[in-house]
2 protein chains.
Amino acid sequence: MKVLIAQQNYHIGNFESNKAKMLDAIAKAKDQGADLVVFSELSVCGYPPRDLLEFTDFIEQCEKTVQELAAAADNLGVIVGSPVRNPDAAGKDLLNAALLLYQGEVYGQAFKTLLPNYDVFDEYRYFEPASNWRVIQFRGIKIALTICEDIWNLGDNPLYRICPMDQLIQQGPDLMINISASPFDYDHDKDRAEVVRRNVEKYKVPMIYCNAVGAQTEIVFDGGSMACNVNGEIANTLDFFSEDYSLVDVDELIRPSFPKGKADYLLLNQEMRVTRANDPDSIMQYLTGESNMAQIKEALKLGISDYFSKMGFKKAILGSSGGIDSAVVLTLAVEALGKDNVTALLMPSGFSSSHSVDDAVKLSEHLGNPYHIIPIEAVYDTFLNTLSPLFEGTSFGLAEENLQSRSRGNILMSVANKFGHVLLNTSNKSELATGYGTLYGDMAGGLSILGDLYKTQVFALARFLNLNGELIPGNILTKAPSAELRPNQKDSDSLPDYELLDRILYLYIERRMGPAQIIELGADVALVNRVLKMVNVNEYKRNQFCPVIRVSTKSFGTGRRIPIVAKYLS
Amino acid sequence: MKVLIAQQNYHIGNFESNKAKMLDAIAKAKDQGADLVVFSELSVCGYPPRDLLEFTDFIEQCEKTVQELAAAADNLGVIVGSPVRNPDAAGKDLLNAALLLYQGEVYGQAFKTLLPNYDVFDEYRYFEPASNWRVIQFRGIKIALTICEDIWNLGDNPLYRICPMDQLIQQGPDLMINISASPFDYDHDKDRAEVVRRNVEKYKVPMIYCNAVGAQTEIVFDGGSMACNVNGEIANTLDFFSEDYSLVDVDELIRPSFPKGKADYLLLNQEMRVTRANDPDSIMQYLTGESNMAQIKEALKLGISDYFSKMGFKKAILGSSGGIDSAVVLTLAVEALGKDNVTALLMPSGFSSSHSVDDAVKLSEHLGNPYHIIPIEAVYDTFLNTLSPLFEGTSFGLAEENLQSRSRGNILMSVANKFGHVLLNTSNKSELATGYGTLYGDMAGGLSILGDLYKTQVFALARFLNLNGELIPGNILTKAPSAELRPNQKDSDSLPDYELLDRILYLYIERRMGPAQIIELGADVALVNRVLKMVNVNEYKRNQFCPVIRVSTKSFGTGRRIPIVAKYLS
């Protein structure tokens, strides 16, 4: 039996475009003589559909699309992902299904058992878990069909009390097929290959694993679908970060013709996340390592380009300050959208250093994108003059700093509104964590590119982007970070050294350590308390922040839900 | 046996203050000769703690607080709510517990079975459901102890497959005690009394029901705790929207000394939500009814005052435009925070009508709060002048309208930053739904007061606020709504009539109807499609909006999770 793995990029709720893509793949599978084509989880409607699942109308459109795909299947088997209604009156209304379509009908089906409900996932909000399991016999092959998370409990995942493959294996399957929507973070590809391999090892049955690809607002699906033969060797791998197809010979997976150990399989990461080293050097190496940067770059580019193409936008704008954050965003945006589609606004004030404009001009000259210089002094002075009846007798402070930042935000949004651009945000994760940014000012924008990268990671990414020749001027990489909102200001006036800061933030945000644990690892008591307090009191700012392209295991946004009104470590 | 119901207002994560409150109530219970005092769900840490539950440090502080309360209990029984660690290695790490503390120890415990995971709730994200049930014998009374949602499946709730009281009733309990954190919406108090009564009717056992009170960012807990005797009569009721205590005689609940039907019980709403009438008049009556307005007023005041007191703020600021929305927010804020603590900024432009400033001045004169007039023309003109190199040759449009709105937002935030005020947002639900507002402009603010009220409801609330004498000048109530961002602008230039609009929005947002269903109820096809598209394409704006005090069954914010990048009815 031959199976075409179809790794595609879907548009949530765009049934026509998703169907057209799947029909193309069905035609391709027929051309290539495949018996079966496999699509990813919830391929019919796109993943994650979130509360659109609460609309009966939305479910009806899923059902209609499934019928049309079934009609097109003919003698090809077609495995699609779709929400289906729960036939049982008890339990939630919907099931998360993998449907095997064949000769105009639903020939077989499997429902998801393990429903992720952590971080960015909310599946138990919508779906009832499966409570019985059946292998599907197709063309003489007994298929154990599962969905994403279903293969992530090998008996050692404390989130779940059940393991669907333990049930299915009793029916003697020949092949496991898993359809997934498993998102990117800079560890997850290794975890994923490891999980596939461990399932194969445990059940002694090969696996075909079809993942989604493409960015859905903040979540990037990175593809990397694969087939793993019965020896635990990855026999087919599909591209990361782009659509891809691979025709798999199931007989070859079941009875590999090459001897064990000879397959070109992925280098697997044996080290589990929880046992990762906690010493400062290991953490910094983990955060800023070059191989991570290569992946992060691709993930961010896909995040940008899919946001624009799926929203129907073409042109971006951003404030180019001459600093490292905007330089990295501009470089990535130019790569993702094309240099003519990204406009940089340079908005110096009286507090801007002379090199800021020069560095930003040099950057845009390297990249070839349009830029304009719009000084903000007249606007800022008029604001101060307008406010003088109220501000008289007060001294320069945070209000005046924020006023500059918001004047820039206002100019950027005006130009964006006038010419139909989308404002790209340039805040980094260290700033967002500590609240070192101005709401409606430098925190404005439709999409955050660097919001899941700590400042030290932004520097590492900048160095990576310069590896094949200087795009970002050297001066931007070497000068001390500054918001330039008061004379001779430096980030280090308000924030600890970024290496120290980022390590504490990582231990608190990604690793959920409390102050005692972080201090035990060698950080200063007062510093830890100060940093954790900064994180917690600024929840209200992040709550109004735009979506952040997620690249880590714990990004701000939908995956991290902290009360705004609370008093904890604050 | 005598039980003190302690209905208290907790601060999430503020263990010291929560403990102090509970210690006070313990002392009070001892003074009054109670055998048992009952606190609400997760009283130890406050509800909802959300992802703070992922911090081991946070759980340790819960445990420490429980130990301290147990030490104080002595011979009083103390029922508190707290997260506890799941002793079973399989399943999620935590259980949502009701602990009966007695003589320094945990004398009995019950875990929550039905974990709400819809709308604003995410409990399955954190907790493992209970899988066994035991009544607790205390002072000769067998108590069936449950937590909130546990009593909301009477065999007819399709969300759940299990009913914990069906298990507990087999052990012959004398009394049901339910500890809750059940939030307000303008139906929910009636539902709640009905659920308590139906449980009593089904199991023939009286119930003590302790609810939380107080606002937690966007969620308002309205209290209204109660005891229901075995005849299904509500024998004790506690206040709505404030802390309250009531000493209940359990013997009286079990064997009422007055004949059935004589108790002063609440008027119960027999009509289930799903059977609510859909005709235009019924919907408008439902949305704008006077008894709802009385509750909504209290909920919003509590929402405002708790936000300020729990965040440690005292002073608010808002833009007072002379329109209905800002007038209602200002009136509520003055009632909640005191007139000296609410500053109104009147920021006329060249497009403002002459009566706008007059009406706003008159309003503040009625209310007695400070106000300042800050014209924005100079700022607006300077922005236009600064932008002229880019805007030359273009005509006045959305960019210029938004620029005015953002100039006002910038001025409001500057004054807020300078003097430590919090900006109150004045957007209403009709505007937020349709995207009729400017991001970082009139959509700015720390807390939205009216974001869960449609425009027709804002008018109804304004009329209600004027019932005991005119606070809001009559002209504000009668003039046609306008954003005043271009000459002679009216909301009706861009939006349908608000009665038509709000009905469609309600059917789509609260009732999750698709276009076909809404059209079937008599709405115009083109209008429905236009409105639904407006709602869906503006998800990105709402995503950056501040928390909205929730008063309906479906508010924007944490309870409504729609993908930003999607194409559905858009």
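Colleague: How far apart are the centres of domain 1 and domain 2 of chain A?
Modeller: Taken over C-alpha atoms, the two centres are separated by 39 Å; domain 1 of chain A covers 2–266 and domain 2 covers 280–492 + 538–543, with bounds that come from an automatic or database domain assignment. This is a predicted model, in which local features need pLDDT of at least 70 and side-chain atom pairs count only at pLDDT 80 or more, while totals for chains, interfaces and linings use all residues. Residues are numbered from 1 along each chain as its sequence is written, and chains are lettered from A and ligands numbered from 1 in the order in which they are written.

Colleague: Switching to chain B, what is the strand order in the open sheet of six strands?
Modeller: The order is E5-E4-E3-E2-E1-E14 in chain B, with mixed pairing, and two strands pair if DSSP finds at least two bridges between them. Strand E5 (105–111) and strand E14 (244–249) of chain B each have a single partner strand, so each edge strand has one side without a neighbour in the sheet.

Colleague: In what sense do E1 and E14 of chain B pair?
Modeller: Strand E1 (residues 2–7) of chain B pairs with E14(B) in the antiparallel sense over six bridges, and B:Ala6 stands opposite B:Tyr245 in E14(B).

Colleague: What does helix H1 of chain B touch on the sheet?
Modeller: Helix H1 (residues 15–31) of chain B packs on the sheet and touches E1, strand E2 (36–38), strand E3 (77–85) and E14 of chain B. The direction of H1 makes about 155 degrees with that of E1(B), with axes fitted as lines to C-alpha atoms, for helices over the stretch in contact, and angles running from 0 to 180 degrees between N-to-C directions.

Colleague: Last topic: what rotation superposes chain B on chain A?
Modeller: A rotation of 180 degrees with 0.0 Å of shift along its axis does so, with RMSD 0.0 Å, using least squares on the C-alpha atoms of residues with pLDDT of at least 70 in both copies. The two copies are therefore related as by a two-fold rotation axis.

Note on methods. Helices (H or I, at least four residues) and strands (E, at least two) are DSSP runs, numbered from the N terminus. Two residues are in contact if their C-beta atoms, placed from the backbone, lie within 7 Å.
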